[in-house]
Amino acid sequence: MAQLIDGKQISKEIKEELKAEVEALRAMGKEICLAVVQVGQDPASCVYVNNKKKACAYIGIRSEAYELPEAVSEGELLALVEKLNHSEHVNGILVQLPLPAHIDEDKVIRAISPDKDVDGFHPVSVGRLWIGEPGFLSCTPAGIIQLLKRSGISIDGKECVIVGRSNIVGKPMAALLLREHATVTIAHSHTKDLRKITKRADILIVAIGKRQFIDAEYVKEGAVVIDVGMHRDENNKLCGDVAFDEVSEKASAITPVPGGVGPMTIAMLMNNCVETMR
Ligand code: NAP
């Protein structure tokens, strides 16, 4: 049985460290404020937004909620972002995605000031990441680097394969692993002979969005497997992109779902909020 990479515990450690840092900042008269913008009342978005607000409250970051109706125009949303960009007391701006179809998400992401882009989605943040400049890191991949490091898994020189090339997971993951001196391959839906490629991986990172797609046949004996996927199985239980039971027999270490990558995303969002003051 593989070592379980405990995202719940590691995210807790990070939040404790951040809480202490925020307390020290407050003692110097510095307060951090995150503006959380939500459009409409999509139930999944409400859960995510509430969890983010709770994490802020725990760490000592002030969160300001901006709840806009589903029918808000793109112009009105952009005007709010612009106002928050210029607000002196707001350090970070988070616009909860997805946005309704009549609003151009890319336009909204680009409207956020790169200095307040705590999700790390702005093209300036992405560019800084690729050229190795300091800046806000995309939260889920940054959380995966922390999971590996804090579990004592070295990345330097390792063969890393990422399955999935999304802007929020696969691509920034590749940049971060390169920064840690891994040899990186990104696979996607056009990749030929996926099994052959994933079996090369010392560290396999799976962000496909397909329930339990990666079984033991895709995994090298002793590999480290990170499962980003998040789904409900036929019994309504949470599960990932990896068939956990069989893969955990072959891997040396693996993240569970839930309790693996998921809790790290919010912890790293909190880290980005604190980063605005470092
Ligand atoms: P996405 O935007 O849907 O991207 C999926 C990627 O997988 C695409 O690049 C796609 O290739 C590739 N893919 C699809 N089918 C494939 C196949 N058969 N073989 C190889 N590659 C294939 O997904 P995402 O936003 O990155 O999210 C992935 C999963 O992670 C989802 O389950 C999501 O819910 C979860 N997630 C979790 C967190 C967290 O905090 N835990 C955060 C973000 C996402 P193409 O580019 O060629 O289409």
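In which sense do strand β2 and β4 pair, and over how many bridges? Strand β2 (residues 33-39) pairs with β4 in the parallel sense, over four bridges; pairing requires at least two DSSP bridges between the strands. This is a predicted model, in which local features need pLDDT of at least 70 and side-chain atom pairs pLDDT 80 or more, while totals for chains, interfaces and linings use all residues. Residues are numbered from 1 along each chain as its sequence is written, and side-chain values use heavy atoms, without hydrogens and water.

**Sheet and helices**
- The open sheet has three strands in the order β3-β2-β4, with parallel pairing; strands are DSSP runs of E (at least two residues), helices of H or I (at least four), numbered from the N terminus.
- Because β3 (62-68) and β4 (92-95) are edge strands with a single partner each, one side of each has no neighbour in the sheet.
- Val 36 stands opposite Leu 94 in β4.
- Helix α2 (residues 43-59) lies across β2, β3 and β4 at about 170° to β2; angles run from 0 to 180 degrees between N-to-C directions of axes fitted to C-alpha atoms, for helices over the stretch in contact.
- Helix α3 (residues 74-86) also lies across β2, β3 and β4, at about 180° to β2.

**Nonpolar cores**
- The largest nonpolar core has 51 residues, and those with the most contacts inside it are Ile 61, Leu 177, Ile 205 and Met 270.
- Helix α10 (residues 262-275) gives the most to this core, with eight residues.
- Such a core joins buried Ala, Val, Leu, Ile, Met, Phe, Trp, Tyr and Cys residues through side-chain atoms within 4.5 Å; buried means under 20% relative accessible area (1.4 Å probe, protein chains only).

Methods. Buried means under 20% relative accessible area, exposed over 50%, partly exposed in between (1.4 Å probe, protein chains only). Contact means heavy atoms within 4.5 Å.
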